[in-house]
Amino acid sequence: MSQEVLAELRASAPRRWIGVAIMATLGGLLIYIAVAIPPATVLWQGFLLLLGGLSLWLAEATRRATELTLTLTEEGIVDSTGETVAEIAQIDAVSRGTFAFKPSNGFVLSLKTRGEGRWRPGLWWRAGKRVGIGGVTPGPQGKMMAQMIEALIAGRPVDD
């Protein structure tokens with residue numbers, strides 16, 4: 001089995017840091033408002049603290065996820081931790097049109113079978129039979145990877 005790298009997709013540094021900074025700033029502002037200018041009720045203060053904490057958590061999750069790289073081989077898409085995102089044999093179609101429900105600068109894969117739900121904010125997600133790839137990634141890299149996947153699934157024998 002070939003492990004030749006056909007395409008790579010990694011987060012764009014400026015987009016990555018802008019996204020993380022905006023989420024962290026939102027979290028910090030929400031916590032600041034909850035503490036410095038407390039609302040009339042404790043429930044609203046708790047709600048602001050919860051949203052602020054969730055925003056900070058999301059900023060950190062995005063920072064960690066966008067350190068990863070996605071690699072396309074003839075077998076499938078794998079991230080730099082070794083986790084398989086999607087196997088080529090399981091891909092039915094690639095959606096990358098303007099009106100497709102897809103991540104920014106990315107594309108969506110339709111799989112033949114359901115997969116375990118996963119989320120790497122800013123890089124990829126999997127929900128049921130769909131895998132979204134993109135977010136804070138450069139458009140040309142995402143387009144090239146999508147075209148390579150389309151070529152791979154067009155060239156495989158029809159077994160179904």
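A search of the whole structure, which is a predicted model, finds 8 salt bridges. One of them joins the side chains of Glu 60 and Arg 64, with an N to O distance of 2.8 Å. Both residues lie in helix 2, 4 residues apart, which is about one turn of the helix. Glu 60 is partly exposed at 30% relative accessibility, whereas Arg 64 counts as exposed at 55%.

Another salt bridge links the side chains of Arg 118 and Glu 83, again at 2.8 Å from N to O. Arg 118 belongs to strand 6 and Glu 83 to the loop between strand 3 and strand 4, so this pair ties together parts that are 35 residues apart in sequence. Arg 118 is partly exposed, its relative accessible area being 26%. Glu 83, with a relative accessible area of 19%, is buried because the limit for that class is under 20%. Salt bridges can also share partners: Arg 16, Glu 60, Arg 63, Arg 64 and Glu 67 are joined in this way into one network.

The side chains of Glu 8 and Arg 10 meet at 2.8 Å, N to O. Glu 8 has 35% relative accessibility and counts as partly exposed; Arg 10, with a relative accessible area of 40%, is partly exposed too. Glu 8 stands opposite Thr 71 in strand 2. Strand 1 and strand 2 (residues 69-72) pair in the antiparallel sense over 4 bridges.

The open sheet is formed by 4 strands in the order 1-2-3-4, with antiparallel pairing. At its edges are strand 1 (7-10) and strand 4 (84-87), each of which pairs on one side only. From one strand to the next, the twist averages 15°.

Helix 3 (residues 139-154) lies across strand 1, strand 2 and strand 3 (76-79), and runs at about 145° to strand 1. Gln 141 is found in this helix. Leaving aside neighbours within four places in sequence, Gln 141 is in contact with Glu 8, Leu 9 and Arg 10. Gln 141 is partly exposed, at 27% relative accessibility.

Asn 105 is in the loop between strand 5 (91-95) and strand 6 (107-120). The phi of Asn 105 is near 55°, a positive value in a residue other than glycine. At 32% relative accessibility, Asn 105 counts as partly exposed.

Helix 2 also contributes to a nonpolar surface patch. The patch consists of Trp 44, Phe 47, Leu 50, Leu 51, Leu 54, Trp 57 and Trp 119, which together have about 780 Å² of accessible area. Helix 2 (residues 42-65) gives the most to the patch, with 6 residues. Trp 57, found in helix 2, is exposed at 52% relative accessibility. Ser 55 is in helix 2 as well, but is buried, with a relative accessible area of 12%. Not counting residues up to four places away in sequence, Ser 55 touches Met 23, Leu 26, Gly 27 and Leu 30.

Conventions
Residues are numbered from 1 along each chain as its sequence is written. This is a predicted model: local features need pLDDT of at least 70, side-chain atom pairs count only at pLDDT 80 or more; totals for chains, interfaces and linings use all residues. Side-chain values use heavy atoms; hydrogens and water are left out. Helices (H or I, at least four residues) and strands (E, at least two) are DSSP runs, numbered from the N terminus. Buried means under 20% relative accessible area, exposed over 50%, partly exposed in between (1.4 Å probe, protein chains only). Patches are made of residues with over 30% relative accessible area and no salt bridge: like charges are joined within 9 Å, nonpolar side chains (Val, Leu, Ile, Met, Phe, Trp, Tyr) within 5 Å. Accessible areas come from the Shrake-Rupley method with a 1.4 Å probe; for residues, only the protein chains shown count as cover. A salt bridge is a side-chain nitrogen of Lys or Arg within 4 Å of a carboxyl oxygen of Asp or Glu. Two strands pair if DSSP finds at least two bridges between them. Axes are lines fitted to C-alpha atoms, for helices over the stretch in contact, and angles run from 0 to 180 degrees between N-to-C directions. Contact means heavy atoms within 4.5 Å.
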